[in-house]
Amino acid sequence: MHYRTFGRTGWQVSEISFGAWQLGGQWGTVDDEESIGALLQAYEQGINFVDTAELYGAGHSEEVIGESLRRWQGDKVYVATKIQPLRWPDPDDDAPLMRGRYPEWYLREGVDAALTRLGVERLDLLQLHCWAPSALTSLDWLETLNALRVEGKVDRVGVSLRDYRPDEGVDVAALGLVDSIQVIFNLFEQRPTERLFPASAASDTAIIDRVAFDSGSLSGLWTPATYDSWEEGSQQKEMFRGERFTETYERVEALKRLVSPYYSSLAEAAVKYVLSSPEVSTVIAGMSSSRNISRNVGYSDGLPFPEELRAQLADHAWIRNYYQ
Ligand SMILES: NC(=O)c1ccc[n+]([C@@H]2O[C@H](COP(=O)([O-])OP(=O)(O)OC[C@H]3O[C@@H](n4cnc5c(N)ncnc54)[C@H](OP(=O)(O)O)[C@@H]3O)[C@@H](O)[C@H]2O)c1
């Protein structure tokens with residue numbers, strides 16, 4: 001496992017980290033003991049950063065992570081959690097107002113609840129689960145978070161950008177107002193390299209990459225029968241509904257043909273592509289199987305990404321939002 005500096009914090013975090021949305025139960029039935037086993041396996045293999053949220057299983061993902069930390073005897077594991085806004089903006093709203101979405105009483109209650117669920121005295125990284133640029137001129141949220149830092153309840157603060165809106169993070173990155181920015185960046189969604197990454201590099205703001213596998217499609221393991229194998233009501237069944245599954249599948253097959261001379265699997269190419277941007281501090285891979293944890297840890301080998309492949313990948317960029 002290779003480690004990278006997490007922006008200005010000085011933390012050394014594993015290039016591959018653990019995305020813990022699945023542990024909440026929204027992607028299909030989960031067994032908590034298996035989840036704890038997966039987390040401990042990840043820690044054993046050098047993963048020292050976990051991303052979770054209040055939203056994942058109504059706090060259940062945080063509770064399971066808390067239990068894994070109590071059982072873990074090794075080196076420091078950083079946990080990044082997120083707090084939902086009091087009210088989510090409409091995903092189609094291009095300029096939502098942020099004032100009032102994170103009032104002081106609400107942030108304080110949320111932080112106390114996360115501390116309890118995780119069973120820790122201080123949150124390593126608290127991310128606003130919802131961010132919009134209007135928050136730059138309505139800084140009530142930052143006053144509260146600064147106070148919580150002074151009180152010792154929160155160590156560092158970050159924001160998680162809305163799905164497929166990487167440019168909403170450019171100004172907060174340029175100002176260096178928070179320690180980290182979480183963004184979707186993968187073989188389909190390549191736009192963060194254009195404006196967000198240069199701005200974050202200039203202020204040394206850490207970038208947390210999410211959905212490197214496009215929530216599963218870029219694993220390269222789908223077959224035409226995959227959709228019918230998913231549990232009714234699961235997140236992926238909703239996300240890839242209707243024509244979405246077939247269109248994604250066809251694009252994925254094209255990518256598989258392109259990367260096959262270079263990598264043994266599309267999943268490997270997907271991880272190595274995002275790691276090839278030095279601005280990315282860590283890739284939060286959603287993973288629940290022991291096999292995928294070991295595979296992903298193995299992808300952190302420090303080898304360079306082929307430039308001739310990168311040039312061809314530009315044609316496969318695809319902008320859409322299947323979280324809606
Ligand atoms: N708004 C936000 O802030 C936000 C939104 C979405 C996600 N997130 C965060 O990002 C994390 C990742 O998102 P995600 O889980 O939706 O997407 P993802 O990481 O793109 O994909 C996860 C899927 O890829 C599979 N997989 C992982 N490694 C693999 C490998 N080496 N080979 C083949 N398949 C592999 C997993 O299978 P197995 O489960 O079977 O291992 C799982 O089905 C979440 O857990 C969460 O922490 C944050």
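Predicted model: local features only at pLDDT ≥ 70, side-chain atom pairs only at ≥ 80, totals over all residues.

Student: Which residues of β8 sit on which side?
Tutor: General idea first. In a regular strand the side chains alternate between the two faces of the sheet. Now the case here. S180, Q182 and I184 are on one side of β8, and I181 and V183 are on the other. Both faces are covered, as all of these residues are buried.

Student: What holds strands side by side, and in which senses can they run?
Tutor: Strands of a sheet pair through backbone hydrogen bonds, either parallel or antiparallel. Take β7, residues 154-160, with β8: the pairing is parallel, over 3 bridges. S160 stands opposite Q182 in β8. G158 has S180 of β8 as its bridge partner. Between the two strands the chain passes through α5, and this β-α-β crossover is right-handed.

Student: How many bridges link β8 to β9?
Tutor: There are 5, and the pairing is again parallel. I181 faces I207 of β9 across the pair.

Student: How covered is β7, and which strand is it joined to by 5 bridges?
Tutor: β7 is mostly covered, with 6 of its 7 residues buried. Strand β6, residues 123-128, is joined to β7 by 5 bridges, and the two run parallel. L126 stands opposite V157 in β7. The chain goes from β6 through helix α4, residues 140-150, to β7, in a right-handed β-α-β crossover.

Student: What do the strands close into, and in what order?
Tutor: Follow the pairs until they return to the start. Here 8 strands close into a barrel, in the order β3-β4-β5-β6-β7-β8-β9-β10, with parallel pairing. From one strand to the next, the twist averages 30 degrees. One of the pairs is β3, residues 16-19, with β4, residues 49-51, which is parallel over 2 bridges. In that pair F18 stands opposite V50 of β4.

Student: Now helices. Which residues of α6 are buried?
Tutor: In α6, residues 196-203, the buried ones are L196, F197, A199 and S200. Look down the axis of α6: its buried residues fall within an arc of 160 degrees, so they line one face of the helix.

Student: What do the buried residues of α6 pack against?
Tutor: They pack against α5 (170-175), β8 (180-184) and β9 (206-210).

Student: Where are V211 and D214 found?
Tutor: V211 is in the loop between β9 and α7 (226-229). D214 is found in the loop between β9 and α7 too.

Student: Are V211 and D214 buried or exposed, and why?
Tutor: Count neighbours. The threshold for buried is 20 or more other C-beta atoms within 10 Å. V211 has 25 within 10 Å, so V211 is buried. D214 has 21, so D214 is buried as well.

Student: Why does S277 count as partly exposed?
Tutor: S277 has 16 C-beta neighbours inside 10 Å, so it counts as partly exposed. S277 lies in the loop between α10 (266-275) and β10 (280-286).

Student: Which residues does S277 contact, leaving aside neighbours within four places in sequence?
Tutor: T193 and F197. S277 and F197 are 80 residues apart in sequence, while their C-alpha atoms are 8.4 Å apart in space. F197 is one of the buried residues of α6.

Student: What does the UniProt record list for residues 15-312?
Tutor: The unreviewed UniProt entry lists them as "domain: NADP-dependent oxidoreductase". In the model, this span is 39% helix and 14% strand. Its end C-alpha atoms lie 25 Å apart.

Definitions and conventions. Residues numbered from 1 in each chain as written. UniProt positions renumbered as here; feature names shortened; annotations may be inferred. Helix = DSSP H or I, 4+ residues; strand = E, 2+ residues; numbered from the N terminus. Pairing = 2+ DSSP bridges. Axes fitted to C-alpha atoms, helices over the stretch in contact; angles between N-to-C directions. Buried ≥ 20, exposed ≤ 12 C-beta atoms within 10 Å, placed from the backbone. Arc of directions from axis to C-beta. Contact = placed C-beta atoms within 7 Å. Right-handed = clockwise from strand over helix to strand, strands pointing away.
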